[in-house]
Amino acid sequence: MNVSNDGAPSGAFGPISAQSARALAVSMDESGFGVLNDVVSASVLAKLRRTVSELIEQNGFKYFAFNGAAWCVNTCLGPLFDDVELLALVRQLYMLKMGVSPPSDRILPVMRVLAGEQGRRHSCNFHYDSYVVSILLPVLIPCDPGEPPGHLVMFPNLRNARRSSMVNILEKLLIEKLLAPVWRLAFVQKWLSAKVVTLTPGNLYFFWGMRSLHANQAGAPSRVRCTVLLHFGDPHERSMFKGLSHRLHVMRLRRMTRG
Ligand SMILES: [Fe+2]
């Protein structure tokens with residue numbers, strides 16, 4: 001996917017420093033998330049939004065997503081994806097949480113576009129990420145007065161990061177499949193102190209994706225919601241069960257798309 005191949009303008013990104021790691025980690029532990037404000041400029045957001053509009057014109061008003069480094073590296077988000085300080089920051093966060101070095105320096109970028117009824121089906125699907133550190137960049141978030149917003153909702157740090165991949169897979173099956181309807185209930189969200197994170201485009205929101213059960217709120221089917229996620233640090237990336245975990249994830253996405 002070609003988000004924009006004419007590069008990022010100067011001043012496109014605010015500074016990121018690995019020295020933010022400890023403060024971010026404390027915030028992620030205590031309130032579920034940490035924020036770096038105004039990292040992505042309005043001009044980059046405008047480019048991304050133009051591209052999303054073009055993609056919707058080409059593909060229809062529905063859900064779609066792009067996974068992996070290939071869509072990201074030569075786009076206006078490339079400099080952020082390649083930022084050595086960002087990598088140093090996520091490495092620090094991983095080590096602070098896990099007490100060991102990450103298994104690799106791979107960052108997995110994902111762009112999610114939610115629109116129409118398919119977009120609604122991909123909302124409120126609570127899950128744990130396979131990665132310890134998750135970063136969310138809001139690009140387009142419906143939030144006009146009187147309309148359902150598309151913010152992030154999470155049960156912060158509901159579990160510890162799992163060191164066993166098999167335990168992780170079984171737990172994800174139980175929580176994300178069998179108990180899926182439970183997490184949407186208002187009284188459950190209140191009882192377990194679910195947190196709604198109000199998203200402002202251009203900020204970077206950091207959270208422990210593997211520990212925090214999370215989902216996006218459902219916006220109106222007539223609106224478009226777009227986010228970019230950067231995932232880092234899969235402690236099970238060398239596990240023999242990784243293929244099984246990936247297949248389950250793909251099946252889950254297909255099921256939601258079919259509805
Ligand atoms: Fe996620």
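Me: What makes two strands count as paired in this predicted model?
Reply: Two strands pair if DSSP finds at least two bridges between them. Strand 4 and strand 7 have four bridges, in the antiparallel sense. By that cut-off they pair. Within this pairing, leucine 136 stands opposite tyrosine 205 of strand 7.

Me: How do you know that strand 1 and strand 7 pair?
Reply: Three bridges join strand 1 (residues 34-36) to strand 7. The cut-off is at least two. The two strands run antiparallel, and leucine 36 has leucine 204 as its bridge partner in strand 7.

Me: Why is strand 7 called largely enclosed?
Reply: A residue is buried if 20 or more other C-beta atoms lie within 10 Å of its own. Five of the five residues of strand 7 (residues 204-208) are buried, so the rest of the structure largely encloses this strand. Leu204, Phe206 and Trp208 point one way, Tyr205 and Phe207 the other way.

Me: Which residues touch the most other members of the largest nonpolar core?
Reply: Val133, Tyr205 and Phe206 do, in a core of 59 residues. Strand 4 (residues 133-140) gives the largest share, six residues.

Me: What makes Val133 a contact of phenylalanine 206?
Reply: Contact needs C-beta atoms within 7 Å. Val133 is listed among the residues that phenylalanine 206 touches, as are Leu24, Met28, Phe33, Gly34 and Ile135, leaving out residues up to four places away in sequence.

Me: Why are strand 6 and strand 8 called edge strands?
Reply: The open sheet has the order 6-5-8, with antiparallel pairing. Strand 6 (195-197) and strand 8 (213-216) each pair on one side only. That puts both at the edges.

Conventions
Residues are numbered from 1 along each chain as its sequence is written. This is a predicted model: local features need pLDDT of at least 70, side-chain atom pairs count only at pLDDT 80 or more; totals for chains, interfaces and linings use all residues. A nonpolar core is a set of buried Ala, Val, Leu, Ile, Met, Phe, Trp, Tyr and Cys residues joined through C-beta atoms within 7 Å. A residue is buried if 20 or more other C-beta atoms lie within 10 Å of its own, exposed if 12 or fewer, and partly exposed in between; C-beta atoms are placed from the backbone. Two residues are in contact if their C-beta atoms, placed from the backbone, lie within 7 Å.
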